Amino acid sequence: QVRLVESGGGYVQAGGSLRLSCAASGLTFSSDYMGWLRQAPGKEREFVASLSWNGGSIIYADSVKGRATISRDNAKNTVTLQMNSLKPEDTAVYYCAADGALSDLRVGVPDYWGQGTQVTVSS
């Protein structure tokens, strides 16, 4: 059974930073891509960033480009999202996600995703 567990969310003032972490277990090689999605209240789930578990391309949404860095540690089966210069519009529940198709991940319909971690940015 696939399990994705997010951590690192919290409350931060605008301009601050947070480091989100995802611990993954049970994934097969078919889940080639991992990343982060987010969902604010009343809004659709939104793609944030992704990377290939086996290496390859890294993609960021325009909304976080230049402020977010996604990375992985395959030895620990973890994926990290470092977010700097946070804005109030970054407030959302952030979900770790995995999918064999990058396109599915980018449109917000991953094969697997976790329970999420809340990020709240105050102005």
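## A bridge between two strands

Leu4 has a bridge partner in β3: Ala24. This is a predicted model. The bridge is part of a wider link. Strand β1 is joined to β3, residues 18-25, by five bridges. The two strands run antiparallel.

## The four-strand sheet

β1 and β3 belong to an open sheet of four strands. The order across the sheet is β1-β3-β8-β7. Its pairing is antiparallel. Strands of a sheet pair through backbone hydrogen bonds, and the pairing may be parallel or antiparallel.

Which strands form the edges? They are β1, residues 3-7, and β7, residues 68-73. Each of these edge strands pairs on one side only. On average, neighbouring strands of the sheet are turned by 15° against each other, with direction ignored.

## Val12, a residue in β2

Now look at strand β2, which covers residues 10-13. Val12 sits in this strand. Is Val12 buried or exposed? Its relative accessibility is 15%. Buried means under 20%, so Val12 counts as buried.

What does Val12 touch, once its neighbours within four places in sequence are left aside? Its contacts include Ser17 and Leu18. Leu86 is another one of them. Thr120, Val121 and Ser122 are also on the list. Val12 and Ser50 are 38 residues apart in sequence. In space, they are 23 Å apart, C-alpha to C-alpha.

## The whole chain

From the N terminus, the elements run β-β-β-β-β-β-β-β-β-α-β-β.

How much of the chain is buried? Of its 123 residues, 45% count as buried. The accessible surface comes to about 6,400 Å². Carbon and sulfur atoms hold 46% of that surface.

Contacts also reach along the sequence. Take those between residues at least 6 apart in sequence. Of these contacts, 55% join residues at least 24 apart.

Terms used: Residues numbered from 1 in each chain as written. Predicted model: local features only at pLDDT ≥ 70, side-chain atom pairs only at ≥ 80, totals over all residues. Heavy atoms only, no water. Pairing = 2+ DSSP bridges. Axes fitted to C-alpha atoms, helices over the stretch in contact; angles between N-to-C directions. Buried < 20%, exposed > 50% of the residue type's maximum accessible area, 1.4 Å probe, protein only. Contact = heavy atoms within 4.5 Å. Areas by Shrake-Rupley, 256 points an atom, 1.4 Å probe, with all protein chains shown as cover.
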